[in-house]
Amino acid sequence: MKKAQSLRDLSKGMKVLLVEDEKRILEAYVELMSEFFEVDTATNGVEALNKIDTNNYEIIFTDINMPKMNGIELCELVKHNNPNQKVIVITAYSDKDNIIKLLELNVDKLLQKPVREDMFIYAVYDVVSAVYTQRKMENTLKFQEKALVESAKLAQMGEMLSMIAHQWRQPLTTISMVLNTVKVKIDLQKYSDNPSLLENDFIEAQEKAEESINYLSETIEDFRNFFKKDKTKKTFNIADSIRTCVGMIPLDNIEVKLDLQDHEIFSFKREFQQVIINIIANAKEQLSSIDMVKGVINITSSADDEKVIIEICDNGGGIPDYAIKPLFKPYFSTKGKNGTGLGLYMSKTIIDTHMNGLLTATNKNNGACFTIELPLKNKGNTPSNLTSFN
Ligand SMILES: Nc1ncnc2c1ncn2[C@@H]1O[C@H](COP(=O)(O)OP(=O)(O)OP(=O)(O)O)[C@@H](O)[C@H]1O
Ligand SMILES: [Mg+2]
């Protein structure tokens, strides 16, 4: 019996429910079906429904005439609750009037009594192979879904690492610079006549390094929270925040002109500072890449009734035309190996999505000008919408 063997192969591990009220017949069917399936039994529709509720059966075999709830009512309920549940109805010649009704209910097969093994195998074969194919497809889908989730996670982690590396570059440069300055002075024996100067310079260097180290550790904390839904906002002063950022970036011989008004917002302070640092770092990189008389970065902040407006403008020649459109796209950079192209993408996400504001860029006065608009405290960014971060 080749067909029997191939049915056995397909039905491996499948569990079925057999619903039949006559004990003798039930036992005979169980003996036959056990060759192919793990068989559970019920002697009426009500008992069957209880079992279906708590078990997963690949196929339900049911008789029609039974006490309490007959096979047709059972089929109706089962197919209503789960149209994909495979149901095979065992019918007698006397059930012929019910056949139309059963076909309307979309039962998967009718099996005529008396049930012989060869008939049984032919009747259930199609149903079993349909279940088998569906299972295989579901497993493939589950596997693909898992693989997708994994690669999305990896991509997200990779992105996060690039962002951390990006945020760390500036403070690490500061630490190295302040320590080197002291070292060079020692090498040049600047302190030999005046040892107390060394102490002063060392304390000053240590304080600057400490500030950068704190920033490094806070950045890691911020990134740990970056992909989480909730994060606490706090009230902070825009002007103070900008001044701290300017103090953190070594600007060599570039002049930074500040014209800042004191305004408070209720939002994510550390992320705001990341944005300011990104924009200033870009301006600095642009100014150092061109030959010019004097690099200047103008930073202003003002407010209207609703929002704070911050402008950061440089005189570095502006954003090239071809870069305007993709400026805020992830990985867009004109700096080759020296840029990840994540700075402005991240900044736009922080301002527009996390902080409920708007970051835009234009060229003016022979330079690039970045504008940040953010709701003032109590104007759309109040403690009542703490959960708007997502
Ligand atoms: N002030 C500016 N002047 C001129 N071009 C700018 C200025 N700021 C940004 N750009 C352009 O926008 C591009 C994208 O900036 P973004 O900060 O996203 O990436 P990046 O600076 O190239 O690399 P990184 O991710 O390391 O910051 C830059 O490569 C540069 O071409
Ligand atoms: Mg950049």
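Helix 11 buries Gly343, Leu344, Tyr345, Met346, Ser347, Lys348, Ile350 and Ile351. The model is predicted. Helix 11 has 12 residues. From its first C-alpha to its last, helix 11 reaches 15 Å, close to the 16 Å expected at 1.5 Å a residue. Just after helix 11 comes Asn356, with a positive phi of about 60°.

**The ligand shell**

One open sheet has five strands in the order 2-1-3-4-5, and its pairing is parallel. Strand 2 (38-42) and strand 5 (109-112) stand at the edges. Each has a single partner strand, so one side of each is left without a neighbour in the sheet. Neighbouring strands here are turned by 25° against each other on average, direction ignored.

Strand 1 (residues 15-19) and strand 3 (residues 59-62) run parallel and are joined by four bridges. Leu17 has Ile60 of strand 3 as its bridge partner.

| Helix | Strands it lies across | Angle to strand 1 |
|---|---|---|
| Helix 2 (residues 23-33) | strand 1 and strand 2 | about 160° |
| Helix 3 (residues 45-54) | strand 1, strand 2 and strand 3 | about 165° |

Another open sheet is formed by five strands in the order 7-9-10-12-11, with mixed pairing. Its edge strands are strand 7 (255-260) and strand 11 (358-364), and each pairs on one side only. On average, neighbouring strands in this sheet are turned by 15° against each other, direction ignored.

Strand 11 pairs with strand 12 (residues 367-375) in the antiparallel sense, over seven bridges. Leu358 stands opposite Glu373 in strand 12. Helix 9 packs on this sheet. Helix 9 touches strand 9 (296-303), strand 10 (307-314) and strand 12. The direction of helix 9 makes about 20° with that of strand 10.

Definitions and conventions:
Residues are numbered from 1 along each chain as its sequence is written. Chains are lettered from A and ligands numbered from 1 in the order in which they are written. This is a predicted model: local features need pLDDT of at least 70, side-chain atom pairs count only at pLDDT 80 or more; totals for chains, interfaces and linings use all residues. Helices (H or I, at least four residues) and strands (E, at least two) are DSSP runs, numbered from the N terminus. The expected span of a helix is 1.5 Å times one less than its number of residues. A residue is buried if 20 or more other C-beta atoms lie within 10 Å of its own, exposed if 12 or fewer, and partly exposed in between; C-beta atoms are placed from the backbone. Two strands pair if DSSP finds at least two bridges between them. Axes are lines fitted to C-alpha atoms, for helices over the stretch in contact, and angles run from 0 to 180 degrees between N-to-C directions. Two residues are in contact if their C-beta atoms, placed from the backbone, lie within 7 Å.
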